[in-house]
Structures are given as structure tokens and as C-alpha cells.
Amino acid sequence: MMPPASTAPALLGTTCINQQGVLVASIPLQGGKFVCQSVLKIAQANQYVIDFKNTSTIARFQHEIFEENIAENKVIEKPAMLAMMKGGLSSSERNPFVLRHGRIVSLNPGTYRLITWLQSPYYLAPPVLMLSDLASYQQQTNISAAISLLLLGILLGLFTYYATIGMLAGRITERLYASFLFGHLVFHAAALGIFNQFFEWHWFYLTGLPLLIANLAYVNFVCHLLGINPFHRPRLYRLSLIISGLLIALIILGMIFPHWMLDMARVGILLLLGFGLACGLRLSLQRQIIAQLYLLATISFGLLAMMAANNTQPTFTIEQLGLFAVTVHAILVSLLVAYKITRLHQEKELMLVELQNTRSLALTDRLTGIPNRHALENKLLQMPQHSCLMFLDMDNLKQLNDHFGHETGDHLLTLFTKILSSKLSEHGKLYRLGGDEFAILCHEDDVEWCQHQLEYTHLQLHKEGFGGAGASMGVVFAHEANSTEALLRIADKRMYENKRSRKNRKEMLHVMRP
């Protein structure tokens, strides 16, 4: 039993010649004018689509279909042209399919000749013709177009984010990465036909230039991301200068020889990947997590780019696979940048906490735990108008240290601070100026309250066994002086006057005692 004949359309025997009439095995990437001839085998009447299965980077094309035979298989002496279809990125013809160059033609069973004229300044991959029935083609291209538009949307969102952040002062890393994303957005939007289909922009000649500039921005981005500069990692920095110089040379050559522009861009991507791998490997060996994550993103980009370059299936073109590679890399790098920003924020928070702790230690008395002289001086700089400063000088601390040791003297200071601070509560703030000197800062209406709490503290110290303990006081009000130094001098003077007065009073009581 014979197997049934296949109803799938077939495209056979494609041959191409250049404008000099020379047969070429494959259309070169440097562009030019070419004409290709193919044979179409149609077994079933249907609507079919003629397209290029591997690339969309074509400036202009024209398909011409000729009938080769009639139903009785008799050759026609002068084949009739059945259809002529034009298109391309530089053409004003409307595309029936999003992001593809597919052209619909209705064919009956038979054999046809397809003549395809091609003209482009360069190709991202050699154009290869394909023939498919309309239903299968739509199923494939709808998926690829939807994914491509989604990827372009992701790139646009990332570009918008980094461009916005890059407007802030000092955000050079984000600014450079936004430039890299913008170059790829422009190139892929042009190569996929976004500008042609949605914005009626048909100019295509130098659209490879943003890709070259994007590579240059990316090298500088890597330097800022990984902290490569003349002072840190100078060897890698010198390598970045060499790579940047080569990329600038490629840009200049691409402007001089536009047909080689995409070849220059390919070389630029190889240089970029080589530089990224060198930096990532070198710094990863030093156990730098940022470099390790960047190395992972670079390797992923390289593998996806290789897969795109070796694409043979018709669902996705090399431009769409390249867009996928760039988008995946952009997402990974964005996560890396977000991680770095988060880590820098955490380090900043830790430094602020440490700074606050250091400041707190600098403004706190180590023995008693209350604010010290520096804290008081800072507070006096913003002293309210109706404030009062009270200087305190403890009695007999030196004698206590000499007879019972400094440990006992420290215990007295600590006990004095604890009792007086708890009694002052919100009515006043106690400071230790050093040695046996203290100060109280309060509102002028709370002076009498603070004096009573000092007397209460004396009584409590006596109950704890410090019979000779006490403190002399000097009071000065904010309105009595125009400067902090003057306030301190007045308070200190009055404190010593009070000390002498208390000493004289004790001596007089001692004399009058029977």
C-alpha cells in the first residue's frame, strides 16, 4: 500500500546571485543587492505565507511568483506573474504580521517559481526563505511577536527606571546602564520593525550605530559597578581603557564603512563579553559576591547570544532571540544593581548606627552613664531663653579617695548620679563635667524643685553611709550672659562662693558646739 502524498508546501532549490551576476552560496552579512530563485511545490489549494525564517534585518525585498505549469502539467512558454509582494524595514508597505515580513499568497496545487529581490546595507544573519500555510504561520508568529513585545516592554521599563535614577547627582552607574539599555532598545526596535510598523519610520541605514555606542557605555558601567578605577584594580582599569579605545575605533570604522557596521557591533559584543568575563573571574577569585553575581549574568548572556547566533528554527528570528538574551541579561544585572544598592544601604545604616554609638560614647560619661561636658556644651549652644544652669561640686571626694580608695569614690559618684537623676525626672537634666563636678540644666521655674532634690540626695547619701557627702551649687540664668563661656564662668564662680559659704557655716557650727 503506497503512503499518502504529503500536503505540506515545499520550497526547493533556492539559488542566489549578486548584482554582478555571480552565484553565491550564502548571502553575505555585509549587505548588497541579490536575487534568489526558488521552486514552490503546492499540493493543496490554500493561503500560504512567504517569509524569512531566521532574520528580519532586511531593508527591502520583493517576491515575484510565476506559474510554471497548468493542471495537465504542460509547460507554459511565457510564465505569468501571479503575485508580486514588497516589504522591508525601509519600505512603506504595510506588514500583515507584527514584527515579521510574512506575505500572504493564495496558491492552487501545482509548481511555481519564486523570484526574491533583496537589498539591504547589512544583514544580521543570511536571509533564508521559508514557506508555510497561513494557520501554522500565525500560530508560530503570534507567540514570538507577543514574547518580543513583552521583552521590549521590560527593556523600556528598565531603561525608564535607570534613566530616572541616573538624573540624580552622583548616580553614574545607573546613567551608564540606561545608555546601554537605550542603545539596545533603539537597535532591536528598528531591526524588528517596531519603528516601521508603528511609527512609519523607514530609515534604516545607521541603526547599528546605537549598538556600538551601547557597548562603549557598558564597559564604563562595569567599571563603576565593580569599583574598577586607577586607584583600585589598576590593571583592570587599564584593560577597560584598551577595550574602550577599540570600541571607539569600531564606531569610527562603522561610520566609514556602514555595510560592516553590524560586523563591528558583533566584534564589540565579543570585546564586551571578554572584558566582563575577565573582570568577573578576577574579582570572583577574591570572593567578591558582586563580581560573582555579575560573572553569572555575563556567562548567561554569552550562552544565550551563542544560541541566538546558531538559530535554525523558524519560530523566532535571530533578532528576537538576541532581544531575549539582552533582556535576560538586563534583568539579572538589574537584580545585581538592586542587591548592591540594598547592600550599600545596609552598610550605610550600619555606619550611621556605629556613628551614633560613637557620638553617644563621646557625649556620655563612662562611669555614671549620664551626658558629659561635651554634651552640656552642645546643649548650651541651643539653650532656651528661660533656662537655668546649676553647677554642682561634691564635697570631700578627694579625702574619700585618699582614705578608702577610688573604688569607694566611684561608688559615691554613681550613687549620687542615680539618686539625683531619678528625682529630677523631666524637671531637669544632670551632666557630669568631670571629677567631682556636675551640672543641672533646667527651666528657671524648676530651680527650687532641683534644689530640693539635691538636698534629698544628700540625705539619701547619708543613709547609705556617706555622712560627709554633699554638693555645693552655683546658679546662673540664661538672661544673665550673652555667651556660653560667660554662663559657665558665672555658674562656676557662684558655685565656689556657695562652697566657701557652706564651709564657713560648718566651721562656725563646729565652734559653737558645746
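Trainee: Which residues does Tyr177 touch, not counting residues up to four places away in sequence?

Mentor: Before that, keep in mind that this is a predicted model: local features need pLDDT of at least 70, side-chain atom pairs count only at pLDDT 80 or more, and totals for chains, interfaces and linings use all residues. Residues are numbered from 1 along each chain as its sequence is written, and side-chain values use heavy atoms, with hydrogens and water left out. Contact here means heavy atoms within 4.5 Å. With sequence neighbours up to four places away set aside, Tyr177 touches Tyr162, Tyr218, Phe221, His329, Ala330, Val333 and Ser334.

Trainee: How many residues are in the largest nonpolar core?

Mentor: A nonpolar core is a set of buried Ala, Val, Leu, Ile, Met, Phe, Trp, Tyr and Cys residues joined through side-chain atoms within 4.5 Å. Buried is under 20% relative accessible area, exposed is over 50%, and partly exposed is in between (1.4 Å probe, protein chains only). Tyr177, Leu181, Leu212, Tyr218, Phe221, Val222 and Leu226 touch the most other members of the largest one. Its total is 67 residues.

Trainee: Which element gives the most to this core?

Mentor: Helices (H or I, at least four residues) and strands (E, at least two) are DSSP runs, numbered from the N terminus. With twelve residues, the top contributor is H4.

Trainee: How many residues are in the other core that lies apart from it?

Mentor: Among the members of that other core are Leu415, Leu430, Phe438 and Ile440. Its count is 27 residues.

Trainee: Is Gln320 buried or exposed?

Mentor: Gln320 is found in helix H8. Apart from neighbours within four places in sequence, its contacts are Leu99, Arg100, Ser144, Ala145, Ser148, Leu192 and Thr315. Its relative accessibility is 2%, so Gln320 counts as buried.

Trainee: How far apart in space are Tyr431 and Leu363, C-alpha to C-alpha?

Mentor: Tyr431 lies in strand S11 (residues 428–434) and is buried, with a relative accessible area of 5%. Beyond neighbours within four places in sequence, its contacts include Ile370, Pro371, Phe438 and Leu441. Leu363 is 68 residues from Tyr431 in sequence, and the C-alpha gap is 10.0 Å.

Trainee: What is phi of Arg233, a residue other than glycine?

Mentor: Arg233 lies in the loop between H4 and H5. Arg233 is partly exposed, at 26% relative accessible area. Its phi is positive, near 60°.

Trainee: And Arg287, in which loop is that residue found?

Mentor: Arg287 has a positive phi of about 60° although it is not a glycine. With a relative accessible area of 76%, Arg287 is exposed. Its loop is the one between H6 and H7.
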